[in-house]
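Here is a short walk through one part of a protein model. Keep the structure in view as you read.

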Amino acid sequence: MENKQNNKELESLTKRIRFKSLPFDEKQMSDRLTDRVKRPVIISYADKGNSAWKYFSIAASIALLLVTSILLIDKEPEQELVYYETTAVPDAKTKITLPDSSVVWLNANACLRYPREFSEQIRQVEIKGEAFFEVRKDEKRPFIVQADGIGIRVLGTTFNVDAESEKTEITLITGKIGLYKYTNQSQTADRILSPGERAVFLKSDNKLSISTIRPGNTISWVTGIFKFKDNSLADIMQELQRAFHVKIHIQNENLKKQTFNANFTEKETLEEILSVLQISARYKIEKRKGEIFLQ
């Protein structure tokens with residue numbers, strides 16, 4: 001009987017309570033709850049017959065702790081990543097070892113931005129200019145390279161990126177990579193590259209084109225090893241320009257179309273390579289203002 005009477009009194013008391021609508025001050029509420037948690041919750045059980053109030057007090061205390069925990073967790077500041085930015089000097093290349101032991105080679109004037117420590121979810125870097133990536137495999141944390149207008153997602157592979165303001169070239173050496181245009185908000189790649197494929201992305205028209213190449217000389221600027229087979233002199237000079245950071249002009253149009261077979265595996269200098277090719281191509285070499293002219 002006592003319990004029924006107490007329950008009726010509790011219901012009657014609850015009906016008489018009216019809550020006024022007041023403006024909600026989140027900071028003030030957080031401060032009050034934090035202060036309240038620091039003070040002990042004292043519940044008296046002297047009146048053994050008043051069991052309804054006992055359970056009501058316990059429930060209220062638990063609710064108070066839960067709400068306080070949620071507010072405090074929500075207010076906890078996120079840890080910000082500390083970033084490094086490295087730019088390769090002109091006329092040279094730079095090697096960088098990332099926090100996960102992946103290796104990046106930067107060609108002259110290329111710039112890489114990366115965190116001091118990768119997050120637990122992803123490994124993400126930003127690149128401007130040309131770089132060769134040797135990505136350490138980690139299936140739980142994909143490796144993402146952000147270039148201007150396009151993203152590259154890998155787990156573990158080797159590839160070359162040449163990211164300019166309007167055009168980005170991605171050449172895959174080993175493994176597979178997914179390409180995502182900046183307009184792609186889904187989890188599905190716009191294109192998956194296989195070894196020996198090169199993607200060219202034009203930012204102006206959001207166009208992505210794929211071609212099959214012989215990737216042997218793609219990273220010659222890193223290795224210093226060149227293997228030319230039925231390559232035109234124009235293509236050969238383009239590869240030498242990238243590797244040695246110098247402008248080479250072919251002033252004879254017929255000379256550009258001539259094809260050659262040659263291997264340079266001993267890391268010869270540019271002068272040595274040009275001298276060897278000169279024996280067959282029979283061109284004259286002239287240097288002016290740091291640039292090379294063939295005629």
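How are α5 and α7 oriented to each other: roughly parallel or roughly antiparallel? The model is predicted, so local features need pLDDT of at least 70, and side-chain atom pairs count only at pLDDT 80 or more, while totals for chains, interfaces and linings use all residues. Residues are numbered from 1 along each chain as its sequence is written, and side-chain values use heavy atoms, leaving out hydrogens and water.

Start with the two helices. Helices (DSSP runs of H or I, at least four residues) and strands (runs of E, at least two) are numbered from the N terminus. Helix α5 spans residues 233-244 and helix α7 spans residues 270-281. Their axes come within 11 Å and cross at roughly 170 degrees. Axes are lines fitted to C-alpha atoms, for helices over the stretch in contact, and angles run from 0 to 180 degrees between N-to-C directions. The two helices are therefore roughly antiparallel (angles over 145 degrees; under 35 is roughly parallel).

Now look at what touches. In α5, I236, M237, L240 and F244 meet L270, I273, L274 and L277 of α7. Contact means heavy atoms within 4.5 Å. The residues of this contact are 8 nonpolar, no polar and no charged. Nonpolar covers Ala, Val, Leu, Ile, Met, Phe, Trp, Tyr, Cys and Pro; charged covers Asp, Glu, Lys and Arg; the others, Gly among them, are polar.

Next comes the sheet. Its 3 strands form an open sheet in the order β15-β18-β17, with mixed pairing. Strands pair if DSSP finds at least two bridges between them. β15 and β18 run parallel, joined by 3 bridges. H249 stands opposite F293 in β18. Helix α5 packs on the sheet, touching β15 and β18. Helix α7 packs on the sheet too, touching β15, β17 and β18.

Key
Angles under 35 degrees count as roughly parallel, over 145 as roughly antiparallel, 65 to 115 as roughly perpendicular and the rest as oblique.
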